Amino acid sequence: MKIEINYSEAENCPVRNILDRFGDKWSTLVILILGDYDKLRFNELQKMIGTVSQKMLAVTLKKLEADGLVARKVFPQVPPKVEYSLTELGFSLLPKLKSLVQWANENMSEITENRSSNNLK
């Protein structure tokens, strides 16, 4: 059974909608890292990514939480303790992202060569 998708309608296209949401610079990394750990605190996650600012990580986590991919648990203590983990929906996305990681690892050298021969970075 073939599913008909109208790719030209951005708001109604599931592929564009989903890729626009987590296809940014940080969301995929957050999902992959949280997939490797049971739960992480904000600072632990930021250290693992390395180059993300506090603001961008906070924005990314809020978007992923709004989509139901990441859960945020706040512990009532001083200072506040917050842990992030993948939800069941987030874990269901993980195998697809890991396939993309595998494909990227297998093909990155060829892509890099192609970019060099076309003077692109």
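Trainee: What makes the contact between aspartate 38 and lysine 39 a salt bridge?
Mentor: The model is predicted, and in it the side chains of the two residues meet at 3.3 Å, N to O. The cut-off is 4 Å between a Lys or Arg side-chain nitrogen and a carboxyl oxygen of Asp or Glu. The pair of aspartate 38 and lysine 39 therefore counts as a salt bridge.

Trainee: Why is aspartate 38 called exposed?
Mentor: Its relative accessibility is 59%. Exposed means over 50%, so aspartate 38 qualifies.

Trainee: And what makes lysine 39 partly exposed?
Mentor: Lysine 39 comes to 43%. Partly exposed lies between the buried limit of 20% and the exposed limit of 50%, so that label applies.

Trainee: How many salt bridges are there by this rule?
Mentor: Three. One of them joins lysine 98 to aspartate 36, with the closest N and O atoms 3.6 Å apart. This pair links distant parts of the chain: lysine 98 belongs to helix α5, aspartate 36 to helix α2, and 62 residues separate them.

Trainee: Is aspartate 36 buried or exposed?
Mentor: Exposed, because its 54% passes the 50% limit. Lysine 98, at 40%, is partly exposed.

Trainee: Which residue forms a salt bridge with lysine 81?
Mentor: Glutamate 83, with the closest N and O atoms 3.6 Å apart.

Trainee: Why is glutamate 83 called buried?
Mentor: Its relative accessible area is 12%. Buried means under 20%, so glutamate 83 falls in that class. Lysine 81, at 22%, is partly exposed.

Trainee: Which residue stands opposite glutamate 83?
Mentor: Arginine 41, with glutamate 83 in β3. β1 and β3 pair in the antiparallel sense over two bridges. Pairing needs at least two bridges, so these strands count as paired.

Trainee: What is the strand order in the sheet?
Mentor: It runs β1-β3-β2, an open sheet of three strands with antiparallel pairing.

Trainee: What makes β1 and β2 edge strands?
Mentor: Each has a single partner strand, so one side of β1 (40-41) and of β2 (70-75) has no neighbour in the sheet. Helix α2 packs on the sheet, touching β1, β2 and β3. The direction of α2 makes about 95° with that of β3.

Trainee: Which residues have the most contacts inside the largest nonpolar core?
Mentor: Val30, Ile31, Leu45, Ile49, Leu57 and Leu61, in a core of 23 residues. Helix α2 gives the most, with five residues.

Trainee: What does leucine 57 contact beyond its neighbours within four places in sequence?
Mentor: Its contacts are Val30, Phe42, Leu45, Gln46, Ile49 and Val52.

Definitions and conventions:
Residues numbered from 1 in each chain as written. Predicted model: local features only at pLDDT ≥ 70, side-chain atom pairs only at ≥ 80, totals over all residues. Heavy atoms only, no water. Core = buried A, V, L, I, M, F, W, Y, C linked by side-chain atoms within 4.5 Å. Buried < 20%, exposed > 50% of the residue type's maximum accessible area, 1.4 Å probe, protein only. Helix = DSSP H or I, 4+ residues; strand = E, 2+ residues; numbered from the N terminus. Contact = heavy atoms within 4.5 Å. Axes fitted to C-alpha atoms, helices over the stretch in contact; angles between N-to-C directions.
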